[in-house]
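Here are my notes, written to be read with the structure open beside you.

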Amino acid sequence: MSKTALLFAGQGAQAVGMGKDLAAQFPAARGWFERANAALGYDLAAICFEGPEAELTKTENTQPGIFLVSWVCFELLREKVPNLKFDATAGLSLGEFTALTAAGAMSFEDGLRVVRQRGKFMQEACDATRGGMAAVIGLDEAPTREVCAEAGVTLANLNCPGQIVISGESTAIARAVELAKAKGAKRAIPLTVAGAYHSPLMASAQPKLAAELAKIKISAPTVPVIANVTAQPHGSDIPAKLVDQVTSSVLWENSMRHLLSQGFTRFIELGPGTALSGFMKRIDKSAQMLNVADAASLEVTAKALA
């Protein structure tokens, strides 16, 4: 019996116009965008649909925007495929909150508001530090760890074979880029990001996020939800894991390998972009990958599931 996991997009997947065609074509989608605006007290939908890009790329808008569009994709797929059955969820960084919400661990409004605050706290940490990130392509984990140790930076994302993201103080990242190239990386590219996500430079966001999580009701998920920091299903300490995640490495490849080892063969990426589908191609080509990002991909995925 094949098992299905839902995967939720992370930061970096945003694009002006995301969700716009869904809201135009589906009344249910419009309803969710209106609910989100009411919950937040500002027009997040307009920022997703129209931008401007500078407004959408502010972390405090990017994170709830991706959460919202991913959630709408999930709800529309459930509407199109009423017997949709999924056996686990996972999400990249902020996507872990969407994954938990889809598994019933928190309400839509609570998840959205917490993610908005998380974005705000992370932006504050970025503004208070001089951090950056870089993607290291074509270098294995062990030599990349050596680069990190030598340059004084950290591994932020272990996405898939041959793609690792490093994070740290800006001048240290510049040094790490040169060291990675010297060690044989095909490419080492500084990323256009606000700061050093998933590194100790984000530590100031942790107590604030912990305080926000303490205000909401968090229930046991209805299906296993894979935690980024352990690559294993969440236990009873969901808030602690979400707080750890702010400064810890995202173990995405290991998370997917855990699901594959448990007999998962079908994965549905929900939300803007197809980054997670790309990672899966490099982790296990034989896995069936579907995605819902817009009206066209919703139709294709609904047909495949029917």
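1. At what angle do H5 and helix H14 pack, and how far apart are their axes? Bear in mind that this is a predicted model. Helix H14 covers residues 295-305, and H5 packs with it at an angle of about 45°, the axes being 10 Å apart. That angle makes H5 oblique to H14, since it falls in neither the roughly parallel class (under 35 degrees) nor the roughly perpendicular one (65 to 115). As for handedness, H5 passes H14 in a right-handed crossing.

2. Now the side chains at that crossing. From H5 come Leu76, Leu77 and Lys80, and they meet Leu298, Glu299, Thr301, Ala302 and Leu305 in H14. Sorted by class, the contact of H5 with H14 has five nonpolar residues, one polar and two charged.

3. Thr301 deserves a click of its own. It sits in helix H14, and it counts as buried because its relative accessibility is 2%, against a cut-off of under 20%. What does Thr301 contact once its neighbours within four places in sequence are left aside? The list is Leu77, Ile268, Leu290, Asn291 and Val292. Leu290 is 11 residues away from Thr301 along the chain, yet their C-alpha atoms are separated by 6.0 Å.

4. Helix H2 (residues 27-40) packs with helix H7 (residues 108-128) at an angle of about 60°, and their axes are 10 Å apart. That makes H2 oblique to H7, and H2 passes H7 in a right-handed crossing. On the H2 side you will find Trp32, Arg35, Ala36, Ala39 and Leu40, which meet Phe108, Glu109, Leu112, Arg113 and Arg116 in H7. By class, this contact of H2 with H7 has six nonpolar residues, four charged and no polar ones.

5. Is helix H6 buried or exposed? Eight of the eight residues in H6 (residues 95-102) are buried, so the helix is largely enclosed by the rest of the structure. The buried set includes Glu96, Thr98 and Thr101, along with Phe97 and Leu100. After H6 comes Gly104, with a positive phi near 80°.

6. On to the sheet. It is an open sheet of four strands in the order S4-S5-S3-S6, and the pairing is antiparallel. Strand S4 (154-160) and strand S6 (187-190) stand at the edges with a single partner strand each, so one side of each has no neighbour in the sheet. From one strand to the next, the twist averages 20°. Strand S3 (residues 131-137) and S6 run antiparallel and are joined by four bridges; in that region Val136 stands opposite Ala188 in S6.

7. Which helices pack on this sheet? Helix H8 (residues 141-151) does, touching S3, S4 and strand S5 (163-169), with its direction at about 160° to that of S4. Helix H13 (residues 275-283) lies across S4 and S5, and runs at about 75° to S4.

8. Finally, some backbone spots to check by eye. The peptide bond from Gly51 to Pro52 is cis, with omega near 0°, and Pro52 is found in the loop between helix H3 (44-50) and helix H4 (53-56). His198 is not a glycine, but has a positive phi of about 55°. His198 lies in the loop between S6 and H10, and it counts as buried because its relative accessibility is 3%.

9. Ala231 is another residue other than glycine with a positive phi, here near 60°. Where is Ala231 placed? It lies in the loop between H10 and H11. At 3% relative accessibility, Ala231 counts as buried.

Methods:
Residues numbered from 1 in each chain as written. Predicted model: local features only at pLDDT ≥ 70, side-chain atom pairs only at ≥ 80, totals over all residues. Heavy atoms only, no water. Pairing = 2+ DSSP bridges. Axes fitted to C-alpha atoms, helices over the stretch in contact; angles between N-to-C directions. Contact = heavy atoms within 4.5 Å. Parallel < 35°, antiparallel > 145°, perpendicular 65-115°, else oblique. Left-handed = near helix turned anticlockwise from the far one by under 90°. Nonpolar A, V, L, I, M, F, W, Y, C, P; charged D, E, K, R; others polar. Buried < 20%, exposed > 50% of the residue type's maximum accessible area, 1.4 Å probe, protein only.
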